Amino acid sequence: MATVSEPIAERGGATRARYGSVSRSRRWALRWSYFFLVIFAIFFLLPPIYMLITSLKTSAEISAATNPWWVFAPTLENYIELLTTDHYLVFFRNSALVSVIVVTITMLISVPAAFALSRMKFWGSATLATGVFLTYLVPETLLFIPLFKIFAEVRNLTGIELLNNWWVLLILYPTLTVPFCTWIMIGYFASIPKELDEAALIDGATWMQTLTKIFIPVALPGLIAATIFAFTVSWAQFLYPLAFTTSTDQLVLPVGIVTTLIKGDVFNWGQIMTGALLGAAPPLIIYAFLMDYYIAGLTSGATKG
Amino acid sequence: MSDLTHPADHAVPRKSMRHYMQRKSTIAFLMTLPLIVLVALLVIYPAGYAVHLATLNKGMTKFVGFGNFEFLFGRETFWMVVKQSCVFAITAVIFKALIGFIVAHFVHNIPSKGQRKWRGMLLVPWVIPPAMSTLAWLWLFDPSYSAFNWILTSIGLEAVPWTGDADWARFSVILVNIWIGAPFFMIMYLAALKSVPDQLFEAALIDGANWWQRIWYITLPMMRNIIAITALFSLIVTFANFDIVRILTGGGPLDKTHMFATWAFLVGIESGDIPLGASVSLFMMPFLAIAAVFILRDIVKRGSEV
């Protein structure tokens, strides 16, 4: 008898203890979460922080045998030097021009296409939408060699020099941005209630008016997400400019930093890190202000459709 | 659509309706035309042209059939590139997925007030252009001034040849890949976690399920689709990656870190053998096609679920 009643009494006590342990284990789970989040945050933020540290150092301090993780004599020398040299500013201008124009081209192509594909069902529209998605999966590393040859052929045939001009990137980058932007815009447009455009059409609006007066304003968050995506992709692209442009005055930022600041085996790390940090600044600033749109764009690529 | 279901009604409006339908499809076609032209001229045509190029000799004057492929099959470097591309992509994606999953859980665990801040911080590696952040890693891995080695030597360990030794260089390439890609997984998984109803966890907690059971029986089944899509996406991107290897190791030491993209660039653009470079990059196709088929299947499945 005693052996039976004992566990019951114990169970009664354990229930009470378990209530306490649930909240206690939650508290511990929270502490552990913060602990590991700090560790992961250090891992994820280490390289950009180290870029900043190095960018504030003189070359003498960089090559000295002191603690590399600390700046003993902070200086803005690297920033001043970079921002007063012509070619860095040229890279920046090229990057900005290319990105802005590519974003414009992308939006002009992908928004009407996404509207037509999501709302105006026509022969082959479903296949085309799938095709757009598949195009997005084709990496640039598969296309750069044939495109290089095609552009060389175009020069031979027509005399138009496409290679080694910064604006050749305006033709190339849309292949990376348009499929994805069209794809996520199809998702955003498809989520707009049908009643909205039906009402507009009954009221006598043309398709173009339905797009500009209803769809674009309603799907504005999606449009912003797509714009951010197109901009960051254009800004970050490295392979196409490396393959298609060579003259210093035609380079965009990523390639410019890699090819001009690294001279032979001499690495001017202070300037490279400054250049890289300034080059990373525009996407980071956009991200800081429009984080929610940025994340919405990221997640909708795979979830909508 | 209703005009088609009532063919007997109003003969005159039907005619104008048909006219209208024709006009609608014409407008739709015109709206998609720029997209079609872009894809046809700059994606489909070059892809087909790559196949043609791959059958030519170096001077692109003579048809050599499968000559380039035979040549590649006979080269040890080619097989090394195949192996490395697969190993890099698979290892990196597994670790990205794991780290992304773990970090997403930690972010999900903390009070929602602070989640935004942490999420914002943890996504930074994905936002920085890969070429720029790889430069930072290159500097952290520098043979003589490596800041990591400074820490290692100051706690009494031996300095590591991060990019100098073949195995360490491979490790470094994978590490940078993980660093750039894991935040993306974190964001995707966090979004998926948010869509799992809290009641499920509460019910499981009351039933006495431990954390492992909760993950295995609730979280994973609920997130299966998004895990698959994200992993496949990342597999394609990592497999075809160029920036990281190009900047970090340049394929060295002794081609031990080359992937398809970097080797194709070296052969096709820098060494000027365009047909051989095209053949190298064409070998990515079957791998990518398999991943694409699975992604498409999952997306269609997802579409019909929702």
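Predicted model: local features only at pLDDT ≥ 70, side-chain atom pairs only at ≥ 80, totals over all residues.
User: Why is α10(B) called roughly antiparallel to α11(B)?

Analyst: Happy to walk through it. Helix α10 (residues 198–206) of chain B and helix α11 (residues 211–239) of chain B pack at an angle of about 165 degrees. Angles over 145 count as roughly antiparallel, so α10(B) and α11(B) get that label. Their axes lie 10 Å apart, and the crossing is right-handed.

User: Which residues make that contact between α10(B) and α11(B)?

Analyst: On α10(B) they are B:Leu200, B:Phe201, B:Ala204 and B:Leu205, and on α11(B) they are B:Arg214, B:Ile218, B:Thr219 and B:Met222. By class, this contact has six nonpolar, one polar and one charged residues.

User: What makes α13(B) and α14(B) roughly antiparallel?

Analyst: The axes of helix α13 (residues 260–270) of chain B and helix α14 (residues 274–282) of chain B cross at roughly 170 degrees and come within 7 Å. The cut-off is over 145 degrees, so α13(B) is roughly antiparallel to α14(B). From α13(B), the contact uses B:Phe260, B:Trp263, B:Ala264, B:Val267 and B:Gly268, while α14(B) brings B:Ile274, B:Leu276, B:Gly277, B:Val280 and B:Ser281.

User: How do the residues of the contact of α13(B) with α14(B) divide by class?

Analyst: Seven are nonpolar, three are polar and none is charged.

User: Why is the pair A:Asp292 and B:Arg116 called a salt bridge?

Analyst: The rule asks for a side-chain nitrogen of Lys or Arg within 4 Å of a carboxyl oxygen of Asp or Glu. The side chains of A:Asp292 and B:Arg116 meet at 2.7 Å, N to O, so the pair qualifies. Across the interface of chain B and chain A the rule finds two salt bridges, and over all chains the count comes to six.

User: What makes A:Asp197 and A:Arg119 a link between distant parts of the chain?

Analyst: This salt bridge has an N to O distance of 3.0 Å. A:Asp197 sits in helix α9 (residues 194–202) of chain A and A:Arg119 in helix α4 (residues 86–119) of chain A, 78 residues apart.

User: How much area is buried between chain B and chain A?

Analyst: About 8,500 Å², with carbon and sulfur atoms giving 84% of it. B:Met31, B:Met132 and B:Trp139 supply 9% of the area that chain B buries against chain A, more than any other three residues. The contact takes 94 residues from chain B and 96 residues from chain A.

Methods:
Residues numbered from 1 in each chain as written. Chains lettered and ligands numbered in written order. Heavy atoms only, no water. Axes fitted to C-alpha atoms, helices over the stretch in contact; angles between N-to-C directions. Helix = DSSP H or I, 4+ residues; strand = E, 2+ residues; numbered from the N terminus. Parallel < 35°, antiparallel > 145°, perpendicular 65-115°, else oblique. Left-handed = near helix turned anticlockwise from the far one by under 90°. Contact = heavy atoms within 4.5 Å. Nonpolar A, V, L, I, M, F, W, Y, C, P; charged D, E, K, R; others polar. Buried area = accessible area lost by both parts, 1.4 Å probe.
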